[in-house]
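Here is a short briefing on one structure. It goes topic by topic, from single residues to the contact between chains.

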Amino acid sequence: MQRTVFRNRWLPYALVAPQMAVTVIFFVWPALTSLQLAVYRVSPFGDRSTFVGLDNFTKLLSDPDYYASVVRSFVFAGGVTALAVLGALVLAGLATQKIRGLAVYRTLLLWPYGIAPAVAGIIFLFIFHPAYGILPYFLSFVTAYDFNWLLKGWVAMTLVIVATAWTHLGYNIAFYIAGLLAIPSSVIEAADVDGAGPIRRFTAIVFPLVSPITFYLVVLNMVFAFFESFGVIDAVTKGGPGQATEIMVYKLYKDGFIGLNLGSSGAQSVILMALVIGLTVLQFRFAEKKVTYR
Amino acid sequence: MPYVMTRWCSAATTLLLVGALLSVPGPAFAKTEIQFWHAMTGQLNESVNALVKQFNESQAEYEVKPLQKGNYTETLTAAIAAYRQRQAPHIVQVFEVGTQTMMLSGAVLPVYQLMKEQEIAVDWKDFIAPVVGYYSKDGNLYSMPFNSSTPILYYNKDAFTKAGLDPSKPPQTWKQVEEYSKKLMSSGAAKCGFSTGWPSWVQLENMLALHDQPFATKRNGFDGLDAQLQINQELGVKHLAQLAAWQKEGVFSYGGRRGDADPKFLSGECGMYMQSSALIGGFTKGATFKWGTGQLPAYGTPYKRATSIIGGATLWVMKGKPAAENRGTARFLKFISDTNQQMWWHVTTGYLAISNSAVKNLETGYHFKKNPDQYTAFAQLTKGTATPNSQGIRLGNFTQIRDVIEAEMENILGGKKTAKQGLDDAVAKSNDMLKEFAAANKQ
């Protein structure tokens, strides 16, 4: 790689300054603020605060509810990632076939990504709500099973996973279409000549060749599911029934903004941040080895 | 150059003149603005706007600016954030569960004090007791009762007729609720017997009060911050176990928190519905069938019948505003407490009129005779025996506690936990939150 040498000592700093400013103002500063909040007990209106050391953390770590929400977050993030990444791979595979109206299909597949999570949540709510949704009404003709996710936790969890995965599908598809189109057709034709069927061609050639994209998408979808799934959950289940869909980021919001317990909320955001950083590092250390870059 | 100057000057003069002309109809500019944040949506939002308009047109000095800030929780959160930025509104509407938080916040100017400072006389004695009691400390009113309601029973008269039930007789006991529900279901008049809005408020807070059972120690929290929940006692467990059993049979059909279950009644799916009396206005517009109201059902002996408790919201005055602006706030609060205004508000929205004189006027004006449904709530609130258990509930972190209770109710109704286990868990978690609140508000 070529090294760029700047004559002016300050120019390189000036050039990265805007990006640094954005990072500091929107990422580092809030992160430090929550770190500070995490060691205080603050009254709701913020006029009284007491330093409590690690009290907020010890309270959380001795609360079985908190562990339950951590486990739930992994189930949720795992479900969303698996569904959004695998679903995208299949759909992108279909959208790279030689079919009529391809451009239309591709455009339609990308659309869900343009929908804000909260709006997606409302759409799912209107389709699936047991009291006023359209789908439960039709389902009641087909099966006697009551899919009332206002009371059945696993139905609610499935619903928010599907809704969240759906919002992120378009993004993943875009990456996969690009990846699939970049595979030289000569490689696939060679395998074809060697007698490999479609499944073999996929497992032996296509999948390894798009593995860097898969890896990138898994990391990104995980982070997305941990942090940005708030909108869907708030619109659809609000963490319920019981606490069945109360994942970490939602519990953090509820404790901080509804419960007005800013100290605990701060501590939770610090733990969440640490957890996601750790997870990403782990993924890079172990999963990346299995990735074939060209 | 001079020519250009003149042109420029004349242009400037013209601008100035235009500006002066524009500002002529401008006593409007001199009006003191009073920011009023609230959480009333839909039909109620329009009623608030109409109310404010009446006030603004009734005098020339102040202009109240209403602003809808989302649901109750969001409005409170927004007000807190604004207060921390020193941008608080003058008046903020806070729901009843936020009362303790507001009282101890150190961020409010108690209403009785505001009125005293501004020397505006209000006859507090004329206000109806269950409402004033909920929002007073040491006999002094802290926030202005604005929209108060209490849960009542709504029932579908058409469905009752179809099921062979007397459409003029709503059930009075839980036994009748079960019996009527089964008739509604077996006759095909409705798919489920009944549903409920605001699960904790209706099925626990009010059920316990109505049966003269405590919700928490220390007179439901009125006597100190170290109160503990008592919802896992005999009646609470019995009622929740009963609801869970009925949920399985379809007699009861859970429809979610807040007003999420409203469509179950409006669509005719459930024949009966327990929800705030403030829904009368909405149901009058939205229901396509004949319906009536009754008081909440009770279990009867051995329980004594007490009154139900109120819900809804009050208006809090934020402190730190100049006296001249506080004067406008005080005048607005005085305005909404006037008898005529109270009557208008009640008739328009279905919320309770909170002064005895307004209730009396409504009675003598035959309003209740003509609209018996609007009387149900008053009867339930005033005709039973008021006891310490039925005067209300005052707990810190109550928003969060209600959330915990409703989560556990869902666990119970979904069959994940027994009634006893679920309520025990709710009590344990809530008591931790009460402790947390007491620690954060040490005086």
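**Briefing**

B:Val177 lies in helix α9 (residues 174–186) of chain B. The model is predicted.

**B:Val177**

- Is B:Val177 buried or exposed? B:Val177 is buried, because 24 other C-beta atoms lie within 10 Å and the cut-off for a buried residue is 20 or more.
- Beyond its neighbours within four places in sequence, B:Val177 is in contact with B:Pro171, B:Gly193, B:Phe194, B:Met272 and B:Pro297.
- B:Leu109 is 68 residues from B:Val177 along the chain. The C-alpha atoms of B:Val177 and B:Leu109 are separated by 45 Å.

**B:Thr364**

- B:Thr364 belongs to helix α17 (residues 356–364) of chain B.
- B:Thr364 is exposed, because it has 9 other C-beta atoms within 10 Å, and 12 or fewer count as exposed.
- Between the C-alpha atoms of B:Thr364 and B:Thr314 there are 27 Å. Along the chain these two residues are 50 residues apart.

**Helix α19 of chain B**

- Which residues of helix α19 (residues 373–382) of chain B are buried? They are B:Gln374, B:Thr376, B:Ala377, B:Gln380 and B:Leu381.
- An α-helix has 3.6 residues a turn, so residues three or four places apart point the same way.
- The buried residues of α19(B) pack against helices α7 (129–134), α14 (280–286) and α18 (367–370) of chain B. They also pack against strands β6 (144–149), β7 (151–156) and β10 (291–294) of chain B.

**Chain A as a whole**

- Chain A has 13 helices and 2 strands.
- The C-alpha trace of chain A spans about 75 × 75 × 30 Å along its principal axes.
- Of the 294 residues in chain A, 34% are buried.
- Take the contacts in chain A between residues at least 6 apart in sequence. Of these, 71% join residues at least 24 apart.

**Helices α5 and α7 of chain A**

- Helix α5 (residues 117–128) of chain A and helix α7 (residues 153–181) of chain A have axes that come within 10 Å. The axes cross at roughly 135 degrees.
- That angle makes α5(A) oblique to α7(A).
- The crossing of α5(A) past α7(A) is right-handed.
- From α5(A), the contact has A:Pro117, A:Ala120, A:Gly121, A:Phe124 and A:Phe128. From α7(A), it has A:Leu159, A:Ala163, A:Trp166 and A:Thr167.
- By class, the contact of α5(A) with α7(A) has 7 nonpolar residues, 2 polar and no charged.

**Helices α3 and α10 of chain A**

- Helix α3 (residues 64–94) of chain A packs with helix α10 (residues 211–227) of chain A at an angle of about 140 degrees. Their axes are 9 Å apart.
- α3(A) and α10(A) are therefore oblique to each other.
- The crossing of α3(A) and α10(A) is right-handed.
- On the α3(A) side are A:Ser73, A:Phe76, A:Ala77, A:Val80, A:Thr81, A:Ala84 and A:Val85. On the α10(A) side are A:Thr214, A:Leu217, A:Val218, A:Asn221, A:Met222, A:Ala225 and A:Phe226.
- The residues of this contact of α3(A) with α10(A) are 10 nonpolar, 4 polar and no charged.

**Helices α8 and α9 of chain A**

- The axes of helix α8 (residues 185–193) of chain A and helix α9 (residues 198–209) of chain A cross at roughly 140 degrees and come within 10 Å.
- α8(A) passes α9(A) in a right-handed crossing.
- A:Val187, A:Ile188, A:Ala191 and A:Asp192 in α8(A) meet A:Arg201, A:Ala204 and A:Ile205 in α9(A).
- Here the contact of α8(A) with α9(A) has 5 nonpolar residues, no polar and 2 charged.

**The contact of chains A and B**

- How many residues does the contact take from each chain? It takes 30 residues from chain B and 21 residues from chain A.
- On the side of chain B that touches chain A, α4 (72–84), α13 (262–266), α20 (398–413) and α21 (419–440) of chain B each supply at least two residues.
- The largest share of that side, 7 residues, comes from α20(B).
- The side of chain B that touches chain A has 10 nonpolar, 13 polar and 7 charged residues.

Definitions and conventions:
Residues numbered from 1 in each chain as written. Chains lettered and ligands numbered in written order. Predicted model: local features only at pLDDT ≥ 70, side-chain atom pairs only at ≥ 80, totals over all residues. Contact = placed C-beta atoms within 7 Å. Helix = DSSP H or I, 4+ residues; strand = E, 2+ residues; numbered from the N terminus. Nonpolar A, V, L, I, M, F, W, Y, C, P; charged D, E, K, R; others polar. Axes fitted to C-alpha atoms, helices over the stretch in contact; angles between N-to-C directions. Parallel < 35°, antiparallel > 145°, perpendicular 65-115°, else oblique. Left-handed = near helix turned anticlockwise from the far one by under 90°.
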